[in-house]
Number of protein chains: 2
Amino acid sequence: MMEYINGGVTAAKGFKASAAMAGIKYKGRTDMALVYSEKDAVSAGTFTTNVVKAAPVKRDIKVLEENECVRAVVLNSGIANACTGSVGDANNELMASYIAECLGVKTDQVLTCSTGVIGYQLPLEPLKKGAVLLKDALGDSLEKGHEAACAIMTTDTISKEAAVEFELSGKKVRIGGMSKGSGMIHPDMATMLGVVTTDAAISKEMLTKAVREDVIDSFNMISVDRDTSTNDSLIILANGLAGNDIIDSEGEEFETFKKALSMVTVKLAKMMAGDGEGATKLFTTKVINAADKNDARKLAKSVITSNLVKAAVFGCDANWGRIVCALGYSKVDFDPDNIDLYIEDDKNKILLFTNGMAADYSEEEATRILGAKEVIATVDMKSGSENATAYGCDLTYDYVKINGDYRS
Amino acid sequence: MMEYINGGVTAAKGFKASAAMAGIKYKGRTDMALVYSEKDAVSAGTFTTNVVKAAPVKRDIKVLEENECVRAVVLNSGIANACTGSVGDANNELMASYIAECLGVKTDQVLTCSTGVIGYQLPLEPLKKGAVLLKDALGDSLEKGHEAACAIMTTDTISKEAAVEFELSGKKVRIGGMSKGSGMIHPDMATMLGVVTTDAAISKEMLTKAVREDVIDSFNMISVDRDTSTNDSLIILANGLAGNDIIDSEGEEFETFKKALSMVTVKLAKMMAGDGEGATKLFTTKVINAADKNDARKLAKSVITSNLVKAAVFGCDANWGRIVCALGYSKVDFDPDNIDLYIEDDKNKILLFTNGMAADYSEEEATRILGAKEVIATVDMKSGSENATAYGCDLTYDYVKINGDYRS
């Protein structure tokens, strides 16, 4: 038994959440969120590989290194607190301490995440006011989790939540999460912002291992624009309230946990890709039967990050030459005369390219398939048994519009 | 004395060119071009690193390996002859042999280049007819060179030619070239299509060395969309008619030749970047005072290939955070608190970012600068003395429009 259930960060036992209109940058909408664990939660995270790291990323990495457990994650949208110098670091520390004070926990038990414009300083009064509002609004309903997911949106058009229920040593366990991200999405060992909570009992070491392995095939396999952000953060909290035997080594239970975690993160990742800035559809590339797993990932990502492929997908043009071209410059060696390329929607699947040449397909049928809300390109490498899937979106006029003048 | 002169592939002594309306795919415009050397020309080239190589690329590599000299390059637009299997290889061989027959030279003295849609087969009758027309139209005027440059355009809006005159061992020498390229531009050891001719006397070994070193800082430093094409080819022919002492080793004369070659290729490269599909402006990034030359190149290219930066440049939004972000994910390590970032047009230069934070600049002034036809971002790494420059363009609605339905 392992299945999706409704909910997000409040799905698992002992987690509360809230949102607040703090007035950090946006007007008339929520812009701060809090995720709180009733008891100490073992925590782990992965963060951007960008050399330029936002203040909260630098601090979170340190807090997670120095502390086994945390109690809360506070997040804001509107301002990324990146490229803000030592003032930005100090403001970020204050953001954590305001929350710590309200919750009656230590400052180093509070993680922080920011998303929005780079280079602006966080305003302190709104942060302070927001902390009180967040504390007062805390609740464990699914609605509270949803409100938190909405508060961290920037150019996102839908909020992203996912939750899974499964069993570990006879106990019912849940993992739930939320994320945001629409532009500057090309995670590299992390995503934009993601918070996952679970009531599973698991050691910090195994939780860290689980999340690091998980992102390779979830958040690290999506891209909206190849721009790896300064703020990418995925944080996971595990409070053990499910009462399962603690997972402190590899084995069947750890694999079960990882599988459930993957269900949550892949669902969140797909939601982020499909809601890419200006996107009209989710564009997935599956590479199958490759000789090497990592090569399969590189090939799949090369296709979903190609501007030319993405523009053709937007225009419903079955320009398979661009897909083959993108496979070709992925830095993976293969024989172009020995691969098959298909496209499919939820109903039909057609062969576009085989034996190094165009297959005999109907352009009309191909255009119809490309008109779907979810389009999958499948590349059969015919050289092994490794598979990988990457998630992206189309490149549209609205992407240019949104990013031509994001700050105003 | 080393200066730009008018002209392109016919600028150097002993080179003729022509264009023809062969009707390969386009109607009512020229779509084949020929560059011919009156005597044997030492030849070299660099080609795409894409695993998927077009038929002409595969053949040219072989011809250049097996022959010291060639006599002609025939080019067509409309169809790329890539992903066309063994039929495509045979058609390409025929394209060379039709020209060889008309010119009375051997087939392996004729190089071929194709550009256009991937996956379509070249039609033989137009190729055959085109060969005769090209032969009959050959001439050594600048106009003939210009006609050839126009015939190889696809989505290009301007033709690209450049020529330089200089001296070697007391003799007047010229290097002239043409290129095309507007989309699927992210050359990797080559460009889309480029043909450079010179009357310099130079050995094949030194010519090969010159062109391989040259592209690193010319064609390989431009990008329109990060898509490395299947057809990238840069071919250089040297017929020795200038009468200079042959360059057959490194030294002052070789350096002079390389400097002149660079003037031609960098000018062509900049024209290609500025004429990127849908582009409204040339966007250049100069990285100065870096510790390592290759790092400087990586940093500069990371900025000009960022969709987010390119969209902001289109919108005249001085969103320097995206530039700093793109530097940060370039895989080059540096201290973000110790770099300076400027933008400039031909009149003004302003500091946007310093000491890890926004500088005190006027948004109005920044927006005005970004409105220019040529915008330069300069990044001072303050850690050494190596420089590199990369050339790109903005990302616009028209890029999406052009590529949403390129084939129809």
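Reader: Which strands of chain A does helix α7 lie across, and what is meant by its angle to β15(A)?

Author: Helix α7 (residues 293–304) of chain A lies across β10 (282–290), β14 and β15 of chain A. The helix runs at about 20° to β15(A), where axes are lines fitted to C-alpha atoms, for helices over the stretch in contact, and angles go from 0 to 180 degrees between N-to-C directions. A word on the source: this is a predicted model, in which local features need pLDDT of at least 70, side-chain atom pairs count only at pLDDT 80 or more, and totals for chains, interfaces and linings use all residues. Residues are numbered from 1 along each chain as its sequence is written, while chains are lettered from A and ligands numbered from 1 in the order in which they are written.

Reader: What makes something a helix or a strand here?

Author: Both are DSSP runs, numbered from the N terminus: a helix is H or I over at least four residues, and a strand is E over at least two. In chain A, six strands form an open sheet with mixed pairing, in the order β13-β12-β11-β14-β10-β15.

Reader: Why are β13 and β15 of chain A called edge strands?

Author: Two strands pair if DSSP finds at least two bridges between them. β13 (357–358) and β15 (386–393) of chain A each pair on one side only, and that makes them the edge strands.

Reader: How do you know that β11 and β14 of chain A are paired?

Author: Count the bridges: five join β11 (340–344) to β14 (374–380) in chain A, and the two strands run antiparallel. One of the residues to look at is I343(A), whose bridge partner in β14(A) is A377(A). Strands of a sheet pair through backbone hydrogen bonds, either parallel or antiparallel.

Reader: What does chain B show for its sheet?

Author: Chain B also has an open six-strand sheet with mixed pairing, ordered β13-β12-β11-β14-β10-β15. At its edges stand β13 and β15 (386–393) of chain B, each with a single partner strand, so one side of each has no neighbour in the sheet. Seven bridges pair β10 (282–290) of chain B with β15(B) in the antiparallel sense, and L282(B) stands opposite C393(B).

Reader: How do you know that chains A and B touch, and what does each give?

Author: Two residues are in contact if their C-beta atoms, placed from the backbone, lie within 7 Å. The contact takes 52 residues from chain B and 52 from chain A. On the side of chain B, α9(B) gives the largest share, seven residues.

Reader: Why are the two copies said to be related as by a two-fold axis?

Author: Chain B can be laid on chain A by a turn of 180° and a shift of 0.0 Å along the axis, with an RMSD of 0.0 Å, superposed by least squares on C-alpha atoms of residues with pLDDT of at least 70 in both. The copies are therefore related as by a two-fold rotation axis. In chain B, the C-alpha nearest that axis belongs to Y397(B), 2.6 Å away. The same surface serves both copies, since 100% of the contact residues of chain B recur in chain A.
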